[in-house]
Amino acid sequence: MPSFKLLLLPGDGIGPEVMAEVKRLLAWFEKRGIAAFDYDERLVGGSSYDADGVAITDSTMDLAHAADAVLFGAVGGPKWDGVPYEVRPEAGLLRLRKDLGLFANLRPAICYPALAESSSLKRDLVEGLDIMIVRELTGGVYFGEPKTITDLGNGQKRAIDSQVYDTYEIERIARVAFDLARKRRNKVTSTEKRNVMKSGVLWNEVVTAVHKREYPDVELEHQLADACGMQLVRRPKQFDVIVCDNLFGDMLSDIAAMLTGSLGMLPSASLGEANPATGKRKAMYEPVHGSAPDIAGKGLANPLAMIGSFGMALRYSFNLSDAADLLDQATANVLAKGLRTGDIAAPGQATVGTTAMGDAILAELDALAG
Ligand code: NAD
Ligand code: IPM
Ligand code: MN
């Protein structure tokens with residue numbers, strides 16, 4: 001049986017609640033002889049700040065570098081609103097992404113047939129929806145310098161965030177998008193704001209050049225990012241793969257979440273460059289949602305985004321696509337049987353909590369695996 005080394009970072013709020021369900025899955029896959037998982041578990045975000053004064057410690061970073069994959073829950077919450085910017089909970093997540101070189105964030109938005117009624121859009125607009133948002137994750141305005149607030153001395157302050165992209169950063173994320181499109185419906189929509197941003201001009205130019213040189217067989221279209229947001233809620237099934245910068249990807253993926261029913265449904269994979277010798281990539285798997293302070297501690301969180309993120313680890317890091325398919329099927333079946341956490345329930349529909357949803361997935365896995 002193959003064996004993998006994991007680092008689990010449950011984090012804050014609902015992070016530990018949804019991670020608990022993934023831990024039960026790790027045990028199930030091991031019991032069934034599919035894979036063995038050797039894991040460490042550490043603090044990240046606000047809980048790390050409370051214990052160690054930083055959002056992630058150097059020793060936890062060392063474990064992240066050494067792991068075959070990191071599983072990340074969520075960080076943040078009102079408790080840490082006043083902490084210094086450098087050590088705020090979100091800084092732990094950003095350090096993981098940057099230091100591990102996780103430039104490619106894959107955010108699939110799939111509308112399970114049973115959830116077409118849970119979307120805020122009409123059924124016929126979302127039924128069968130399967131979009132892949134490819135978000136650049138280690139550049140752009142998240143990390144560009146200067147990034148400052150300066151006191152101008154006249155009662156005014158000036159805040160600067162810098163949107164910075166180099167050619168190689170756009171080339172490598174474009175290749176990820178085109179490669180994925182070739183295995184899907186062969187279409188890439190590249191989105192930026194070249195009408196107001198220099199980085200948008202370069203983004204458009206580089207994606208166009210990579211397409212012409214390396215992927216002429218893939219259909220490429222360009223949409224301005226504001227129009228892309230509009231098209232996502234107007235006619236979402238026009239999209240196959242959407243490639244965009246860090247900030248637009250953050251926003252477009254939360255919009256896409258509502259097409260699938262809830263933010264609690266959207267998984268993601270954050271991937272680094274493949275090592276040319278081994279083919280292995282650094283990787284972290286993280287739901288798109290946050291720590292959900294409004295429902296934290298109540299056992300109400302939907303664990304399916306976290307479970308789906310583990311499914312992406314099976315597929316992208318462990319080469320266990322049969323196991324990933326099995327987990328996706330279990331999820332589809334559980335939803336088809338009508339099980340709903342509060343976020344995906346139709347008005348008046350009965351709801352279950354986080355653990356009961358996890359129980360149902362495990363029971364379905366048992367049924368499918370025989
Ligand atoms: P959020 O994603 O935490 O919550 C937005 C809404 O979606 C809330 O109403 C919440 O209850 C609901 N929701 C989210 N996940 C859910 C789930 N699994 N099941 C059911 N409902 C769910 O976003 P927010 O409220 O804007 O941010 C709260 C905190 O989380 C902030 O500190 C933010 O910085 C942080 N955050 C962290 C991450 C991360 O760790 N990856 C991602 C986004 C936001
Ligand atoms: C996400 C989150 C993060 C981001 C925050 C918590 C730093 O919103 O993963 O979508 O903006 O990337
Ligand atoms: Mn976000």
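A residue is called buried if 20 or more other C-beta atoms lie within 10 Å of its own, exposed if 12 or fewer, and partly exposed in between, with C-beta atoms placed from the backbone. The model is predicted, so local features need pLDDT of at least 70 and side-chain atom pairs count only at pLDDT 80 or more, while totals for chains, interfaces and linings use all residues. Residues are numbered from 1 along each chain as its sequence is written, and chains are lettered from A and ligands numbered from 1 in the order in which they are written.

**View 1. Pro113 in its loop.**
Pro113 sits in the loop between strand S4 (104-110) and helix H5 (123-126). Helices (H or I, at least four residues) and strands (E, at least two) are DSSP runs, numbered from the N terminus. Pro113 counts as exposed because it has 11 C-beta neighbours inside 10 Å. Ala332 is 219 residues from Pro113 along the chain, yet their C-alpha atoms are separated by 8.0 Å.

**View 2. Helix H10 and its surroundings.**
H10 covers residues 304-316, 13 residues in total. From first C-alpha to last, H10 reaches 18 Å, close to the 18 Å expected at 1.5 Å a residue. The expected span of a helix is 1.5 Å times one less than its number of residues. H10 is mostly covered, with eleven of its 13 residues buried. Among them are Leu304, Met306, Ile307, Phe310 and Leu314. The buried residues of H10 pack against helices H1 (15-31), H11 (321-336) and H12 (354-369). They also pack against strands S3 (69-74), S11 (269-271) and S12 (283-285).

**View 3. Ala305 within H10.**
Ala305 lies in helix H10. Ala305 counts as buried because it has 24 C-beta neighbours inside 10 Å. Two residues are in contact if their C-beta atoms, placed from the backbone, lie within 7 Å. Not counting residues up to four places away in sequence, Ala305 touches Gly264, Met265, Leu266, Pro267, Pro287, Val288 and His289. Pro267 is 38 residues from Ala305 along the chain, and their C-alpha atoms are separated by 4.5 Å.

**View 4. H1 crossing H10.**
Two packed helices are described by the angle between their axes and the distance between the axes. The axes of H1 and H10 come within 8 Å and cross at roughly 40°. That makes H1 oblique to H10. Axes are lines fitted to C-alpha atoms, for helices over the stretch in contact, and angles run from 0 to 180 degrees between N-to-C directions. Angles under 35 degrees count as roughly parallel, over 145 as roughly antiparallel, 65 to 115 as roughly perpendicular and the rest as oblique. The crossing is right-handed. A crossing is right-handed if the near helix is turned clockwise from the far one by less than a right angle, and left-handed if anticlockwise. From H1, Val18, Met19, Glu21, Val22 and Leu25 meet Met306, Ile307 and Phe310 of H10. By class, this contact of H1 with H10 has seven nonpolar, no polar and one charged residues. Ala, Val, Leu, Ile, Met, Phe, Trp, Tyr, Cys and Pro count as nonpolar, Asp, Glu, Lys and Arg as charged, and the others, Gly among them, as polar.

**View 5. H8 alongside H9.**
Helix H8 (residues 225-234) and helix H9 (residues 246-260) pack at an angle of about 10°, with their axes 10 Å apart. That makes H8 roughly parallel to H9. Their crossing is right-handed. Ala225, Cys228, Gly229, Leu232 and Val233 in H8 meet Phe248, Leu252, Ile255 and Ala256 in H9. The residues of this contact divide into eight nonpolar, one polar and no charged.

The 16 residues of H11 should span 22 Å at 1.5 Å a residue, and its end C-alpha atoms are 22 Å apart, which agrees. Buried residues of H11 include Ala323, Leu326, Leu327 and Ala330. Their cover includes H1, H10 and H12. Asn319 lies in the loop between H10 and H11. Its phi is near 60°, a positive value in a residue other than glycine. Asn319 is partly exposed, with 13 other C-beta atoms within 10 Å. Gly338 follows H11 and has a positive phi, near 100°.

The peptide bond from Glu145 to Pro146 is cis, with omega near 0°. Pro146 lies in strand S6 (residues 144-151). Ala292 is in the loop between S12 and H10. Its phi is positive, about 45°, although Ala292 is not a glycine.
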